[in-house]
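Dear colleague,

Please find the structure below, handed over for your files.

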Amino acid sequence: MKLVFRVSDDQRLIFVPTAVEQMIAFRQRSWWQSEAGGVLLGRHLLDSNDLVVDEVTTPQNSDRRGRFSFFRSKKHGKIAQARWLEEASTLAYLGLWHTHPEAYPTPSGVDLKDWEQALSKDTFEGKQLFFPIVGIEKIRVWSLSRDGAFFELKEEVRNGKDTGKSNHSGSD
Ligand SMILES: [Zn+2]
C-alpha cells in the first residue's frame, strides 16, 4: 500500500508500496528487535510539486543497532550514490528513516540533532529533507527545512474520503 503525506497546499510526499514495505519489514514488533534505518531515495515529479519515495536503503552490517538507538554507517551514502549512478542521476536523496519501538513514534533529542546535521552537511535538492519514523502502529513523518522550519506532515486519507469511518476494506 502506498502512503501519501501532505507537505503543503500544493505539495505531497508519496511513498510507493515497495518503499513502505522495505521500511515496515523492520518494524520493532518484538522486544529483541533493534532499531533500523536508512536513507530515502526518490524523485521530484516534473508535472507537479509532489515528491515520490521510490526506495530506501535498509540496515547494513556496518550500522550500530540497539533497541533504542540506531547509528547509520557511511555505507548508506555509498549505496545511495551507486543507485544514483545506476539510475542515470534521476534518483534524489530525500531524507532519512529509522524505526522506534513505540506504537506512535516521537523524535528523540538525538534524532533532532541527527536531522539538523543532515540538513547542514548533506547535499540535496529543494528546500527540505524528510524524516519518517516507523513505529509499531504508525509511520510519522517530519520535515526540516534549510531555513529551520520544522513540522510534522499530515497523512492523507485514503481514497480521498474522510468519512470518519475506518471500515476500509478495499484492496490498496
Ligand atoms: Zn529515533
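**Strand β8 and its surroundings**

Strand β7 (residues 92-99) and strand β8 (residues 128-134) run parallel and are joined by three bridges. Strands are taken as pairing if DSSP finds at least two bridges between them. Helices (H or I, at least four residues) and strands (E, at least two) are DSSP runs, numbered from the N terminus.

The model is a predicted one, in which local features need pLDDT of at least 70 and side-chain atom pairs count only at pLDDT 80 or more, while totals for chains, interfaces and linings use all residues. Residues are numbered from 1 along each chain as its sequence is written.

On its other pairing, β8 meets strand β9 (residues 139-145) in the antiparallel sense over seven bridges. L129 faces L144 of β9 there, and the two strands form a hairpin with four residues between them.

How many residues of β8 are buried? Seven of its seven are, where buried stands for 20 or more other C-beta atoms within 10 Å of the residue's own, exposed for 12 or fewer, and partly exposed for anything in between, with C-beta atoms placed from the backbone. In a regular strand the side chains alternate between the two faces of the sheet. Both faces of β8 are covered, with Q128, F130, P132 and V134 on one side and L129, F131 and I133 on the other.

β7, α3 and β8 make a right-handed β-α-β unit; right-handed means that, with the strands pointing away from the viewer, the path from the first strand over the helix to the second runs clockwise. W115 belongs to helix α3 (residues 109-121) and counts as buried, because it has 20 C-beta neighbours inside 10 Å. Leaving aside residues up to four places away in sequence, W115 touches F131 and L144, a contact being two C-beta atoms, placed from the backbone, within 7 Å. W115 and L96 are 19 residues apart in sequence and 7.9 Å apart in space, C-alpha to C-alpha.

Helix α2 (residues 75-86) lies across β3 (37-44) and β7, at about 25° to β3. Axes are lines fitted to C-alpha atoms, for helices over the stretch in contact, and angles run from 0 to 180 degrees between N-to-C directions.

The loop between α2 and β7 holds A88 and S89. Most residues other than glycine have a negative phi. Phi is positive, however, at A88, near 55°, and at S89, near 60°. A88 is exposed, with 7 other C-beta atoms within 10 Å, and S89 is also exposed, with 8 such neighbours.

**The sheet and the chain**

An open sheet of nine strands has the order β10-β9-β8-β7-β3-β4-β2-β1-β11, with mixed pairing. β10 (150-152) and β11 (154-155) stand at the edges with a single partner strand each, so one side of each has no neighbour in the sheet.

The protein chain contains three helices and 11 strands. Its radius of gyration is 16 Å, close to the 16 Å that the globule rule gives for 172 residues, so it is as compact as a globular protein of that length. That radius is taken over C-alpha atoms, and the rule is 2.2 Å times the number of residues to the power 0.38. Buried residues make up 28% of the 172.

With kind regards
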